[in-house]
Structure formats: structure tokens, C-alpha cells
Amino acid sequence: MLHEISVILISCVLGKLQFMLMLDSFLSDCLREHVVLLFLPLYPLVLTLALNLMQVNEGFPFSVALSWKPDAQNNESQQTVVFPKGNPMPSIKALTFYRSSTFAVDVLNVDTDDLQITHKISTYTIGPFQSSKGEKAKLKVKVRLNIHGIVSLESATMLEEEEVEVPVSSTSEVPKDATRMETDDAPQDPASSAGDHMQEPKGAADPAEGAAENGAQDSEEKTVPMDTDTKVEPSKKKVKKTNVPVAELVYGAMGTVELEKAVEKEYEMALQDRVMEETKDKKNSVEAYVYDMRNKIHEKYNDFVMSEDIEGLMAKLQEVEDWLYEDGEDETKGVYVAKLEELKKLGGPIEMRYKEWTERGPALEQLVYCIRSFREAALSADQKFDHIDISEKQKVVNECSAAETWLMEKKQQQDALPKHANPVLLVSDIKKKAEALDRFCKPIMTKPRPAPKPQTPPPAETPSPEAHTPEQQSNGADESAEPASDGAQDEHAAEQMDTDKDDPSQA
């Protein structure tokens, strides 16, 4: 439905455009621009619909046929075109053969006027196979035309029909009525028979008993099968599939030994290509170093090399350049690597001195900032550092002072040297000193504050004893004596009861 709608829309739009083009010669420029603006919004829709309707199908430019011999008595070959000219790629065709032994199938080019194309492409031998019934076997052969235009016999399958008897049980399970009948036939015990004489209300009967009674009545009407009878249905036909081996012989193709040699040769050629690429890269590196050093020696590196060294370096660069375009035009990778190392021995110290000079300033600033920060923190009276011991703070101050002393001495030595001399204050040493100072001072100055001790609650105040008058004291003594006398009386009564209980003669 969507396809039909797209075709209708495109036809309508194209029809209107064709009609407007016919009137183009009669329209003025103003009207022509109006028509263009009118149909311009429809252009993306028309283009999208047109692209959706397009479909590219690749067709096979030749006709390929299969040829085989029917049987041993008849030597005339039969041939059928499997993939005609223009057949879409990829494609699969299936053929059915009836054979009793191994046979061969040839793949042929037909209707070819080009003498360079061979008539016979390949031969496939199908077998061996053996039919279980001793008759001709039915074989289904699949032929594939892949996306590259190569025809091959993909598989061969032998199909055999077998009769299988499937037993089917008429009664799959024992009916529940049989169980109910066994329960009814069981002898009743006296207790149950005595209970039959008891009368109960009509509505008080258990519904389960009613169900049992109904089941017993049904079982009298039905015949309960005691043994499971089995019925055997008519035999069913089942198709058995067996894969048949297929041997391929492609004419004009390389053998196994030749193919292995070709693969080894391919690996050797790939290795040679990689070595050539690496050699070319090393040669370009030598040439680039010569040009780069020659340009920088009079600009950035002029203050970092002595005048007599400049002359020797320039002469060496010119010598290497002449060698590259004469004797060194076609050298090995190792030779170019050795030439580059030779040049770097002369230009490397100059590059190192320039690099140290450009990176020394930021490294010094970082070390000075580290010294100042830790020293100010150790000497600060801020409350966040109150928990740190004074001896620990003094260690931080001493370490900062030692780093500052080392920096000042090295800096004085470096300032006394010219730029073309090798530096004594290296950037790597400055970074190591800053890292060592940070490892020593940071754990001390970032030590966490200890947790506050839990406060114990104050002891409860005991009330002071009040002064009593002599009369109150005497009253209190009498009251305290009364419970004691009552307790004595209870003890005496208990002793009396125990005595009475122990002497039976007195009873």
C-alpha cells in the first residue's frame, strides 16, 4: 500500500512539473520564480520517495549449466542451465538425482564467444553412498552462486523414507473411579458400622461423603478397565537425511603445494614492504634533522653553542646532506639509524641546554612556592594548626630552610655560567627536591585534629541528713522495732508448723 501511494505522489508531482516546464516559455521571470518557490518544499519528499523505490540488483553476466551422465549404460551426457544470463547474485538452486553409486557433475560455461574463457569450470564427484533398500537413492544437490560470481556445489543430501510404527496407549492413566471403587469394596470396621446407626441432621452431612456416594454410583454404571490396552496406528513414513561427501576439482586452480608456496611468497613480499617503509622513514628522519638543525642553529640555538662549534656542526650537516643525495640514496635501515645517532651526538647537547633554559623558570617558581607555603603554615598561629606539636612544626621549618639553602647555592652557580655551558641546576633535580619536600611536610601539616574526649556526667549530689529531735528519734526507733518483732513471730510460727508436720504420731 505504501509503495502504491509513493508511486502516485511521484507521478502527480512529476506530472505537474512537466506541465509547468511546458509553460516555461510563456511565463515571465516573476511567475517562474513563484513556481520554483511553490515546488521547492516538495523536492525533499520527491527525492526521498524516489530513493526508496530504487533497488539495485546485480546480475550474473554469463550462463552456467550442469552436465552429468544418466547411468552407466547410456554415455550421452545431459545438460541443464542452472544460472541463466542475468540471474541475480547471490542465488541457490536445488537439483534432485536418482543414483545407485558415485557419479560426477560438471559445471560448464555456455554461450560464450570469448575464447579465453574455459568451457569447463569444475567437476564435483558425489559419493560414495549406499541406499538401505538396495534401490536407487534420492539425492538433493544444492548449487550456490555467491556474490562474487563463483559457482560451487554446496552440499549433497541422501533422502530415504522409513516406515515407523508408533504405539499409542488407549488409556493413558487409570481413571479415578477405580480408586473410588476400591474404597467402596473395602470392609468397614466396627466403629464405622456403629456410626451408621447414629442419626444426624439432614444439612449436617459432610459434602465429601456425598461426593463419594455419587462416585460409587457412577462406578456401578461404568466398566473399569483393569489393564491398559494399546492400539498400534498404521505405520508412518519418516524421511531420513544423510550427508553425502562431495569432492571438488577446479580446472585452472592452483594445487595445494603451489598454494602454500604462494602464501609464503606473499608473506615475504609483505615483510619486504614493511622493511622498505621503515627504511624510508629513517631516511626521512635524517633529512628532516639536517634541515631542522640548520635552521635553528642561527635562531633559537645561537646563544647555546660556541662559534667554533657552529662551524663544525654546519660542516657535518652539509656532509650528511650530500651523502643522502649521492652515496646514501639507497641504503639500508641500519645505516640511516647510525647516521642519525651520529648527528644527535653533536646537536643533542645544544638541544638539552636550550630545553633546560626554557623549563628552569617554571620549575624554580614551583619549588619556591612549595617552600613558602609549608613555612607559612608551620609558623602560622591559625587555630587549624593548634593540634600539631611544636617540635613537628620546627621540623617543617628546618626542612624548608634546607631546601631554600640548596636552591640558592645552585642558582648562584647556574647564574655564573654562560648559556652555551652545560647547566649545573637541572630541571629534574629541582622537581625531585620539590617532591621530597612535599612528601616530608605534607603529612605533618595535614595531620587530622584528634577527636574530642567524651565528657563524663557530673556525680549526683547526696542530700545532707537532717537533724532530728529526741522525740522523733525515739518514734523512729519504735517503728523500726515493730517490723522486727513481727518477723520474729512469723519465724516462731513457721518453726511450730514444721514440727507438727514432721511428727506423725501427734496427728
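**Burial, strands and confidence in a predicted model**

Visitor: What does A338 count as, going by its relative accessibility?
Guide: A338 counts as partly exposed, because its relative accessibility is 47%. The cut-offs are under 20% relative accessible area for buried and over 50% for exposed, with partly exposed in between, using a 1.4 Å probe and protein chains only.

Visitor: What kind of model is this?
Guide: It is a predicted model, in which local features need pLDDT of at least 70 and side-chain atom pairs count only at pLDDT 80 or more, while totals for chains, interfaces and linings use all residues. Residues are numbered from 1 along each chain as its sequence is written, and side-chain values use heavy atoms, with hydrogens and water left out.

Visitor: Back to A338: where is it found?
Guide: A338 is found in helix 9. Helices here are DSSP runs of H or I with at least four residues, strands are runs of E with at least two, and both are numbered from the N terminus. From C-alpha to C-alpha, A338 is 10.0 Å from K282, although 56 residues separate the two in sequence.

Visitor: How many helices and strands are there?
Guide: The protein has twelve helices and eleven strands. Of its 507 residues, 22% count as buried.

Visitor: Take helix 11. Why does its span agree with expectation?
Guide: Helix 11 covers residues 427-445, and at 1.5 Å a residue its 19 residues should span 27 Å; the end C-alpha atoms are 26 Å apart, which agrees. The expected span is 1.5 Å times one less than the number of residues.

Visitor: Which residues of helix 11 are buried, and what covers them?
Guide: The buried ones are V427, I430, A434, L437, C441, I444 and M445. Helix 9 (333-379) and helix 10 (390-415) are among the elements that cover them.

Visitor: New topic: in what order do the strands of the open sheet run?
Guide: Five strands form the open sheet in the order 2-1-4-5-11, with antiparallel pairing. Strand 2 and strand 11 (246-250) stand at the edges with a single partner strand each, so one side of each has no neighbour in the sheet. Two strands pair if DSSP finds at least two bridges between them.

Visitor: How many bridges join strand 5 to strand 11?
Guide: Five bridges join strand 5 (residues 120-126) to strand 11, and the two run antiparallel. T123 stands opposite L249 of strand 11.

Visitor: Where is N87, and is it buried or exposed?
Guide: N87 sits in the loop between strand 2 (78-83) and strand 3 (91-99). It is buried because its relative accessible area is 9%.

Visitor: What does N87 touch?
Guide: Leaving out residues up to four places away in sequence, N87 touches E58, G59, F60, K93 and L145. A contact means heavy atoms within 4.5 Å.

Visitor: Which peptide bond from M89 has omega near -5°?
Guide: That is the bond from M89 to P90, which is cis. P90 lies in the loop between strand 2 and strand 3. The bond from G127 to P128 is also cis, with omega near 5°. Most peptide bonds are trans.

Visitor: Lastly, what is the mean pLDDT?
Guide: The mean pLDDT of the protein is 75, and 64% of its residues reach 70 or more. pLDDT is the predictor's confidence in each residue, from 0 to 100. Over residues 170-230 it stays under 50, and the model has 15 contacts for them beyond four places in sequence. Over residues 466-507 the pLDDT is below 50, and this stretch has two contacts beyond near neighbours in sequence.
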